[in-house]
Structures are given as C-alpha cells and as structure tokens.
Amino acid sequence: MDELLLAGLLGTSASLTLRLGQTIFSSASLLFMSFGVEFYSYTAFCYLVTVMGLVLPWSFTLAMVDAYSLCAKCPLRQPGILWIIIMGDWVLSILALAAACSTAAVIDLLLQNGGSYCPPKFCSRYQFSAAMAFLSWILTAASSLFNLWIIPSL
C-alpha cells in the first residue's frame with residue numbers, strides 16, 4: 001500500500017519514467033525547432049527554444065536524482081526538497097504550456113496566410129516541435145501534481 005501511495009514521488013520508477021519522458025520530448029522540441037536557423041524571426045519560436053532549454057537540464061538532473069535514489073533504494077521524503085521541486089515543476093509547466101501554445105498559434109497564423117511566410121519544410125518542423133513541447137508540458141504537469149498530492153502524507 002505504501003508503494004501505491006508513493007507512485008509518483010521523486011526517487012521512484014514512475015518519477016524516473018516521467019522525467020525521462022520530459023527530457024526526451026523537450027530535447028526533441030528543441031532539436032526540431034533549432035534545425036532551421038529561421039526560427040529567430042518570430043518571438044514565439046525563440047520563447048519555445050528558451051523554455052525547452054530550461055526544461056531539458058531541469059528534467060535531466062531530476063532524472064539523475066531519481067536514478068540514484070532507485071539505485072540507493074531511498075526515495076526522497078523531505079518536504080522541503082519536494083516543495084522546491086514542485087514549485088520548479090509548476091513554473092516550468094506553465095512556461096512550457098505558454099511556449100507551446102504561442103508557437104502553435106504563430107504556426108497556424110503563418111499557414112493561414114498561404115504559407116508564403118513559412119516554407120512547408122520549416123512549418124512541419126515547427127509543428128512537430130510544438131507537439132513535442134505539449135507532450136513535455138503534460139509530463140511536467142503530471143510530475144508536479146503527483147508530488148503535490150504526496151506532500152500531505154509525509
């Protein structure tokens with residue numbers, strides 16, 4: 001019962017899976033946005049690159065903490081550390097949602113103008129980057145909520 005209650009807690013396999021997913025999706029978003037040098041033309045695209053550049057090291061670092069906690073068999077149960085991680089996840093989650101939404105809106109606007117401002121090769125990359133940012137946001141928000149729900153039980 002204790003393992004079921006602590007399913008998303010930092011230092012568990014579920015948390016490691018969420019963190020690895022965040023790392024993969026944020027790096028894919030960053031990679032596909034950065035393939036074309038033309039993303040500097042639009043502020044929303046620069047914002048997405050900046051936010052995914054913040055999410056990537058945050059998620060990777062916490063994935064390493066999860067992996068270490070799993071190897072040492074001691075999940076972190078200190079409320080102070082969890083609050084910092086929850087707040088970091090929460091802030092990055094909101095930033096990732098804003099970046100993904102603004103990028104998707106700009107891409108939609110560019111495509112509705114007949115595609116003259118955005119060649120199809122680049123627009124498809126930008127769409128894929130926005131989709132990866134949305135997936136990264138979902139996992140970051142889930143991680144934050146899992147840890148937030150566990151705080152009262154500690």
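**Figure 1. The end of helix α3 and the residue that follows.** Just after α3, Lys-73 adopts a positive phi of about 60°. This is a predicted model, in which local features need pLDDT of at least 70 and side-chain atom pairs count only at pLDDT 80 or more, whereas totals for chains, interfaces and linings use all residues. Residues are numbered from 1 along each chain as its sequence is written, and side-chain values use heavy atoms, with hydrogens and water left out. Helices (H or I, at least four residues) and strands (E, at least two) are DSSP runs numbered from the N terminus. Helix α3 covers residues 43-72, and its 30 residues should span 44 Å at 1.5 Å a residue; the expected span is 1.5 Å times one less than the number of residues. The end C-alpha atoms of α3 are 44 Å apart, in agreement with that expectation.

**Figure 2. The buried side of helix α3.** Residues are called buried under 20% relative accessible area, exposed over 50% and partly exposed in between (1.4 Å probe, protein chains only). The buried residues of α3 include Phe-45, Leu-48, Met-52, Leu-62 and Asp-66. Their cover includes α2 (13-34), α4 (79-112) and α5 (120-150). Ser-59, which lies in helix α3, is buried with a relative accessible area of 0%. Contact denotes heavy atoms within 4.5 Å; not counting residues up to four places away in sequence, Ser-59 touches Arg-19, Gln-22 and Thr-23.

Figure 3. Side chains of opposite charge can pair when their charged atoms come close. A salt bridge is defined as a side-chain nitrogen of Lys or Arg within 4 Å of a carboxyl oxygen of Asp or Glu, and a search of the whole structure finds 1. Asp-89 forms a salt bridge with Arg-19, and their closest N and O atoms are 2.7 Å apart. The pair links distant parts of the chain, since Asp-89 is in helix α4 and Arg-19 is in helix α2, 70 residues apart. Asp-89 is buried, with a relative accessible area of 0%. Arg-19 also counts as buried, at 0% relative accessibility.

Figure 4. Ser-144 has its place in helix α5 and is buried, with a relative accessible area of 6%. Residues up to four places away in sequence aside, Ser-144 touches Ile-86, Asp-89 and Trp-90. Met-132 also lies in helix α5 and is buried, with a relative accessible area of 10%. Leaving aside neighbours within four places in sequence, Met-132 is in contact with Phe-25, Ala-28 and Ser-29. The C-alpha atoms of Met-132 and Ser-26 are separated by 6.6 Å, although these residues are 106 residues apart along the chain.

**Figure 5. Aromatic pairs.** Rings of Phe, Tyr and Trp (its six-membered ring) pair if their centres lie within 6.5 Å; planes under 30 degrees apart count as stacked, over 60 as edge-to-face and the rest as tilted. A search of the whole structure finds 4 aromatic pairs. The rings of Phe-32 and Phe-128 have centres 4.5 Å apart and planes at 75°, so this pair is edge-to-face. It links distant parts of the chain, with Phe-32 in helix α2 and Phe-128 in helix α5, 96 residues apart. Phe-32 is partly exposed, with a relative accessible area of 27%, and Phe-128 is partly exposed, with a relative accessible area of 36%. Ring pairs also link Tyr-42, Phe-45 and Tyr-126 into a cluster.

**Figure 6. A nonpolar patch on the surface.** Patches are made of residues with over 30% relative accessible area and no salt bridge, where like charges are joined within 9 Å and nonpolar side chains (Val, Leu, Ile, Met, Phe, Trp, Tyr) within 5 Å. Accessible areas come from the Shrake-Rupley method with a 1.4 Å probe, and for residues only the protein chains shown count as cover. Trp-83, Met-87, Trp-90, Val-91, Ile-94, Leu-145, Phe-146, Leu-148 and Trp-149 form a nonpolar patch with about 890 Å² of accessible area together. The elements that give two or more residues to this patch are α4 and α5, and α4 gives the most, with 5 residues. Val-91, in helix α4, is partly exposed, with a relative accessible area of 40%.
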